[in-house]
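Here is a short briefing to read alongside the model. Have the viewer open and follow along as you go.

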Amino acid sequence: MDRRHKQFLREHRLELSNQLVLIDTTIVQYLYQENILTESHVEEIRSRITNKQKTLALLEILPTRGPRAFETFLESLKEEFPWVREKLLQDLENATSEVNSTEPLLQISEEMLNSVPSDKQLNKLVGRLGPEWETLLLDLGLSSNDIYRCKANHCLNVQSQALAAFVLWKQKFGKRATVRCLHNSLLTAEIDTSVVDDIFQ
């Protein structure tokens, strides 16, 4: 999830916990259907006693569920909480306009940002990353089990483990596995984005 979206949810968590009702609503089921939540996440949310606790549990989980989590969460509000969704979109637009003047300019073209990185480019990226590659891929949407399998299949070479995981990310997300997603996840993980600026210029 984009770091700004994480911050946005953090700033609105109390407001959302007072407005959303997760008991007998479609929000959690929709997020489960769209593979944002796992079965264990659903059970964890259901185990909380009060509605406020359930909502706070959901808001704690969402930032860890990859680049689609925020937009899918907004989609889940359409049917039963359209006024909450509209308020969030308005607040997000206002927040975005405030930071645009201070946001650093990307050194990568718009066309490249929207493209899917090649295996060769990913191999170069892996060579510049340290152990933070696992955190990066979790933010991009791979599961801990996905990463474990990649590590088990290439147990003697860490770079091969990381490359296999990035290739798996491309396979799982297809055209949605873009350079922009990589860039945003690097920002979220507080990794110097110059590592992708150089590779994808």
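This is a predicted model: local features need pLDDT of at least 70, side-chain atom pairs count only at pLDDT 80 or more; totals for chains, interfaces and linings use all residues.

**The chain overall**
- Of the 201 residues in the protein chain, 43% count as buried.
- The accessible surface of the protein chain is about 11100 Å², and carbon and sulfur atoms account for 49% of that surface.
- Taking contacts between residues at least 6 apart in sequence, 71% join residues at least 24 apart.

**Helix 1 against helix 4**
- Two packed helices are described by the angle between their axes and the distance between the axes.
- Helix 1 (residues 3–19) and helix 4 (residues 51–61) have axes that come within 9 Å and cross at roughly 155 degrees.
- That angle makes helix 1 roughly antiparallel to helix 4, because the cut-off for this label is over 145 degrees.
- The crossing of helix 1 with helix 4 is right-handed.
- On the helix 1 side, Leu9, Arg13, Leu16, Ser17 and Asn18 make the contact; helix 4 brings Asn51, Lys52, Thr55, Leu56, Leu59 and Glu60.
- Sorted by class, this contact has 4 nonpolar, 4 polar and 3 charged residues.

**A look at Phe173**
- Phe173 lies in helix 11 (residues 158–173).
- With 13% relative accessibility, Phe173 counts as buried, because buried means under 20%.
- Beyond its neighbours within four places in sequence, Phe173 is in contact with Arg68, Leu140 and Gly141.
- Phe173 and Gly141 are 32 residues apart in sequence, with their C-alpha atoms 8.6 Å apart in space.

Methods. Residues are numbered from 1 along each chain as its sequence is written. Side-chain values use heavy atoms; hydrogens and water are left out. Axes are lines fitted to C-alpha atoms, for helices over the stretch in contact, and angles run from 0 to 180 degrees between N-to-C directions. Helices (H or I, at least four residues) and strands (E, at least two) are DSSP runs, numbered from the N terminus. Angles under 35 degrees count as roughly parallel, over 145 as roughly antiparallel, 65 to 115 as roughly perpendicular and the rest as oblique. A crossing is left-handed if the near helix is turned anticlockwise from the far one by less than a right angle, and right-handed if clockwise. Contact means heavy atoms within 4.5 Å. Ala, Val, Leu, Ile, Met, Phe, Trp, Tyr, Cys and Pro count as nonpolar, Asp, Glu, Lys and Arg as charged, and the others, Gly among them, as polar. Buried means under 20% relative accessible area, exposed over 50%, partly exposed in between (1.4 Å probe, protein chains only). Accessible areas come from the Shrake-Rupley method with a 1.4 Å probe; for residues, only the protein chains shown count as cover.
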